[in-house]
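Here is a short briefing to read alongside the model.

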Amino acid sequence: MLWGLHQADFVKISDEEVEFLWGCDEKEAGKKLLTEFGVKLALITMGPKGAYLVNETASAYAASPKVKPVDTTGAGDICGGSAVSQILRIGKPMETLNEEELSQIVRFASTAASLSTEKPGGIPAIPEYDTVMGRM
């Protein structure tokens with residue numbers, strides 16, 4: 001796993017994985033990923049507490065919207081994929097994203113992940129873009 005982190009530009013990792021690997025919080029993990037592993041953008045998911053997104057120049061938190069979870073299968077993957085979709089939409093290099101852009105990305109990703117838990121299954125629970133935007 002540590003070897004793979006050295007190969008990545010973008011990393012999505014959970015707070016549980018961070019605790020297992022380094023025994024630290026999301027801010028420390030983000031800094032470690034950027035400085036020690038050369039990651040350009042790090043997304044640390046924190047389940048119902050939200051997510052943290054950081055690059056070398058900015059960072060942003062997003063709380064998860066309140067939902068009634070049915071199944072959390074795939075929520076972390078949906079968070080990561082939703083973040084990537086927004087990064088591509090913005091069209092800038094990850095390391096140049098500013099705080100406002102990071103905030104929008106992590107809010108969208110956290111909202112999409114949260115909404116996905118309201119339905120059973122992984123892929124069938126991926127919310128539509130307009131649904132996510134409507135909950136933000």
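The sulfur of C24 lies 18 Å from the closest cysteine sulfur, which belongs to C79, and that is too far for a bond. A disulfide needs the two sulfur atoms within 2.5 Å, and by this rule the count is 0 disulfides. Please keep in mind that this is a predicted model.

**Cysteines**
- Seen from the other end, C79 has C24 as its closest cysteine sulfur, at 18 Å, again too far for a bond.
- Are these cysteines buried or exposed? C24 counts as buried at 14% relative accessibility, and C79 is buried too, with a relative accessible area of 3%.

**The sheet as a whole**
- Four strands form an open sheet in the order β1-β2-β3-β4, and their pairing is mixed.
- The edges are held by β1 (10–14) and β4 (59–62); each has a single partner strand, so one side of each is left without a neighbour in the sheet.
- From one strand to the next, the twist averages 15 degrees.

**Strand by strand**
- In the parallel part of the sheet, 5 bridges pair β1 with β2 (residues 41–45), and V11 sits opposite A42 of β2.
- Helix α2 (residues 15–22) packs on the sheet, where it touches β1 and β2, and its direction makes about 90 degrees with that of β1.
- The pairing of β2 with β3 is antiparallel, over 4 bridges, and T45 has A51 of β3 as its bridge partner.
- The hairpin of β2 and β3 has 5 residues between the strands, and G47 there takes a positive phi near 55 degrees.
- Next along, β3 and β4 run antiparallel and are joined by 4 bridges; here Y52 has Y61 in β4 as its bridge partner.
- The hairpin from β3 to β4 goes through 4 residues.
- How are the two faces of β3 (residues 51–54) placed? Both are covered: A51 and L53 are buried on one side, and Y52 and V54 are buried on the other.

**The largest pocket**
- If you are thinking about volumes, the largest pocket comes to about 510 Å³.
- Its lining has 23 residues, of which M46, G47, P48, A75 and T117 are the closest to the centre.
- Which elements give two or more residues to the lining? They are β1, α2, α4 (75–90) and α5 (99–116).

Technical notes:
Residues are numbered from 1 along each chain as its sequence is written. This is a predicted model: local features need pLDDT of at least 70, side-chain atom pairs count only at pLDDT 80 or more; totals for chains, interfaces and linings use all residues. Side-chain values use heavy atoms; hydrogens and water are left out. Buried means under 20% relative accessible area, exposed over 50%, partly exposed in between (1.4 Å probe, protein chains only). Two strands pair if DSSP finds at least two bridges between them. Axes are lines fitted to C-alpha atoms, for helices over the stretch in contact, and angles run from 0 to 180 degrees between N-to-C directions. Contact means heavy atoms within 4.5 Å. On a 1 Å grid over the protein atoms alone, a cavity is a set of points where a 1.4 Å probe fits but cannot get out, and a pocket is an open set with protein on both sides within 12 Å along at least five of seven lines; lining residues have an atom within 4 Å of a point. Grid points are joined across faces, edges and corners, and a volume is the space filled by probe spheres set on the points.
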